[in-house]
Amino acid sequence: MEHFDPVILARMQFAATALYHFLFVPLTLGLSWLLVILEATYVMTANSVWKDTVKFWGKLFGINFAMGVATGVTMEFQFGTNWAYYSHYVGDIFGAPLAIEGLMAFFLESTMVGLFFFGWDKMSRVQHLTATGLLALGTNLSAVWILIANGWMQDPVGAAFNVDTMRMEMTSFFDLIFNPVAQAKFVHTVSAGYVCGSVFMLAISSYFLRRGQHVEIMKRSFAVAASFGLAASLSVVVLGDESGYNMNEHQQMKMAAIEGMWDTEPAPAALTLFAIPDRTAMKNDAEIKVPALLGLIGTRSFNVVIPGIKDLVAQSDGRIQNGIKAYAAMVAIKKDPKDDAARSVLAANGKDLGYGLLLKSTGVDPAQATDADIHAASLTLVPDVFPLFWSFRIMVACGFWFIALFALAFWKSSRGKFAPNWVQRAALYSLPLPWLAIELGWIVAEYGRQPWAIEGILPTRLGASAVSAPEVLTSLIGFVIFYTVLLVVDLTLMIRYARRGPETNAA
Amino acid sequence: MNGLRNSSNVLRPRLRRSLLAVIVIKVLFLTAFWALVLKPQIHHVDAEMMQQKLISQSVPQPE
């Protein structure tokens, strides 16, 4: 047991709970707006087939919602158990969007979900549609606040270190909520949720259309999913590109790692389509490259250079030198709070304090650091390139596949071709792909940020609590069992009630 | 009021009971897990402890 590293276990625990939670969230995000579209059509046409359609998909939405609710709260537990230093250091900023999410979005969503399920006989059609719309709005608002918090971890704007309280404190709430990284992440993530909901609806509609069952309901569902999915899949790629553009400005190491770009190339850089990255040798094997493409996508120009990993490591050596100065100033201020000279040094080098802490996180006292120690700390900034490189490529491939799938489905449905066909079969087999793409997207965003908990500010290792490996392992096992049972129950209910089909004679 | 008056609920009683049972079990599990396993692991960190962590204390490294 003593061979387990509690920080690695704590990271595994957070990853496991986040990845499980994110199996439920995207379907809620996507299906909620699809329900609004279906119900709005029912309100406009008064055709009961649309109502039966809403009810069928609403039932599956309900199963997913009931299974997913409270699966995110376990991550907040972990801020207190495994990440107590992180919580102190950045809680002043990070806590605000989380609290607003609970107060604003979760309560709205929870209230409206009750009205959606139990208000059919008690409200007018327009009132019920309003409740469904507010339910969709609530789920999306929830994503706004969570992604504002997450966006701040990727690009910590609107905050400054206070040496007297030993934590980061918010300087601008406006900067926090209008952080361009957070905005790009939000629209990309919710669009991915819309794709997930659309693939889900398209696949299940295809299942019934291929069997010739519930045709009236399923052809409507197929057409709505194809249209909404086509718009969403185009958005997810365009907005993902915006996210990548932001990354090139704020997280250059992550960008270089995703692209397996060890050396800086003359602008515009080539895009590596295929490679086997070797982190130890800092090179790629079996590369296949497309000239100029990465430079054009990543910088939207012909002449802006994208730095490679080796150059970024060299630049980090300089930032760590500044960080050592900031760290020494912090130590001096803690000894003598009236040391104005030290406060001036900290003010001048404070933006690189995190790099001094990075050195500390590698077990080296910044006051005693040698050049070799500094370079070794810089090398820890290079994430594992292989999983990032391939996670990103599989995610992007899924994104382009969804565009093709929805375009074909849209073409078929616009021509009224709902008889069993190969597009329906492709849709059915594509059912797991949105979840695969979304989970890989999370890995790219969060694993790619390592070794930082907060980019350039707080190394992950310094944010961890002083918990023992057995303690973290116990809670990790408990969470994994809990979530696995939930997932099995969810899949069982989902498959059972999806196969049963709509409860109507309309078809 | 409209054609919705005689409609049934989206969730049939059996499914509603199943989902309710899942939510209740989930809340009970999380409450028990919190009380027995997680609560004893909660750490409160203040400025002094943060200073200790960042300045004085050596950071344990992975094996």
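The legends below describe several close-up views of a predicted model.

Residues are numbered from 1 along each chain as its sequence is written, and chains are lettered from A, with ligands numbered from 1, in the order in which they are written. Because the model is predicted, local features need pLDDT of at least 70 and side-chain atom pairs count only at pLDDT 80 or more, whereas totals for chains, interfaces and linings use all residues.

**View 1. The contact between chain A and chain B.** Chain A brings 52 residues to this contact and chain B brings 39 residues, two residues being in contact if their C-beta atoms, placed from the backbone, lie within 7 Å. Among the helices of chain A that each supply at least two residues to the side touching chain B are H2 (48-68), H5 (125-154) and H19 (469-500); here helices (H or I, at least four residues) and strands (E, at least two) are DSSP runs numbered from the N terminus. H2(A) gives the most to that side, with nine residues. By class, the side of chain A that touches chain B has 24 nonpolar, 17 polar and eleven charged residues, where Ala, Val, Leu, Ile, Met, Phe, Trp, Tyr, Cys and Pro count as nonpolar, Asp, Glu, Lys and Arg as charged, and the others, Gly among them, as polar.

**View 2. Helix H15 of chain A with helix H17 of chain A.** The axes of H15(A), residues 385-414, and H17(A), residues 433-447, come within 9 Å and cross at roughly 145 degrees; axes are lines fitted to C-alpha atoms, for helices over the stretch in contact, and angles run from 0 to 180 degrees between N-to-C directions. Residues of H15(A) including A:Phe392 and A:Trp401 meet residues of H17(A) including A:Leu440 and A:Tyr447. This contact of H15(A) with H17(A) has 14 nonpolar, three polar and no charged residues.

**View 3. Helix H15 of chain A with helix H16 of chain A.** H15(A) also packs against H16(A), residues 422-429, at an angle of about 145 degrees, with the axes 10 Å apart. A:Leu405, A:Leu408, A:Ala409 and A:Lys412 of H15(A) make the contact with A:Val423, A:Ala426 and A:Ala427 of H16(A).

View 4. S3(A), residues 271-278, and S4(A), residues 283-290, pair in the antiparallel sense over six bridges, and two strands are said to pair if DSSP finds at least two bridges between them. A:Leu271 stands opposite A:Val290 in S4(A). Four residues lie between the two strands of the hairpin, and A:Met282 in the turn has a positive phi of about 55 degrees. A:Met282 counts as partly exposed because it has 16 C-beta neighbours inside 10 Å; a residue is buried if 20 or more other C-beta atoms, placed from the backbone, lie within 10 Å of its own, exposed if 12 or fewer, and partly exposed in between.

View 5. A:Met166, which is not a glycine, has a positive phi of about 55 degrees and lies in the loop between strands S1 (159-162) and S2 (167-170) of chain A. A:Met166 is buried because 23 other C-beta atoms lie within 10 Å. Cis peptide bonds join A:Ala267 to A:Pro268, with omega about -10 degrees, and A:Gln450 to A:Pro451, with omega about 15 degrees. Most residues other than glycine have a negative phi, and most peptide bonds are trans.
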